[in-house]
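Have the sequence and the model at hand while reading.

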Amino acid sequence: QLQLVESGGGLVQPGGSLRLSCAASGFTLDYYTIGWFRQAPGKAREGVSCISSSDGSTWYADSVKGRFTISRDNAKNTVYLQMNSLKPEDTAVYYCAADPVPLCTITIIRHSLFDSWGQGTQVTVSS
């Protein structure tokens, strides 16, 4: 059974950093394209970042470019989201998702077309 578990969320002050982890079990992560999404209270879920299975290419939402970095460690079957220079507007529940497609595309990100989802981890940016 495919399972994704996020961790690493918490409370951080503005300007601080967090690293989220997305650990996979039941499947080999390197054959899957992985996306990170977030949902703030009262707002729609939005794509934050994505890393392709085929070539490791990445995508970032404009709101996080230059501050967030996605990476994968296939040996640990884990994908990470390093978040720096955090802002209050980054506050949300963050989810990782996996799909056996070769590339991140705007279509699969915009429409959240990923097969498997984690349970989410809360990130709160506040002083």
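## Terms and model

A residue is called buried when its relative accessible area is under 20%, exposed when it is over 50%, and partly exposed in between. The structure shown is a predicted model.

In soluble globular proteins, nonpolar side chains tend to be buried together. The largest nonpolar core here has 29 residues, and those touching the most other members are Leu4, Trp36, Phe68, Val79, Leu81, Met83 and Tyr94. Several strands give two or more residues to this core, among them S3 (18-25), S4 (33-39), S8 (78-83) and S9 (92-99).

A second core is separate and has seven residues, including Phe37, Cys104, Ile108 and Ile109.

Leu4 can also be followed through its contacts. Leaving aside residues up to four places away in sequence, Leu4 touches, among others, Cys22, Phe27, Leu29, Cys96 and Trp117.

## Salt bridges

The model has four salt bridges. One of them pairs Lys65 with Asp62, with the closest N and O atoms 3.1 Å apart. Asp62 counts as exposed because its relative accessible area is 64%, over the 50% cut-off. Lys65, at 51%, is also exposed.

Arg38 pairs with Glu46, at 2.6 Å between the closest N and O atoms. Arg38 is buried at 6% relative accessibility, whereas Glu46 is partly exposed at 33%.

Arg67 and Asp90 form a salt bridge with a closest N and O separation of 2.7 Å. These partners are 23 residues apart: Arg67 lies in the loop between S6 (58-60) and S7, and Asp90 in the loop between S8 and S9. Both Arg67 and Asp90 are buried. Through shared partners, salt bridges join Arg38, Glu46, Arg67 and Asp90 into one network.

Methods:
Residues numbered from 1 in each chain as written. Predicted model: local features only at pLDDT ≥ 70, side-chain atom pairs only at ≥ 80, totals over all residues. Heavy atoms only, no water. Core = buried A, V, L, I, M, F, W, Y, C linked by side-chain atoms within 4.5 Å. Buried < 20%, exposed > 50% of the residue type's maximum accessible area, 1.4 Å probe, protein only. Helix = DSSP H or I, 4+ residues; strand = E, 2+ residues; numbered from the N terminus. Contact = heavy atoms within 4.5 Å. Salt bridge = Lys/Arg side-chain N within 4 Å of Asp/Glu carboxyl O.
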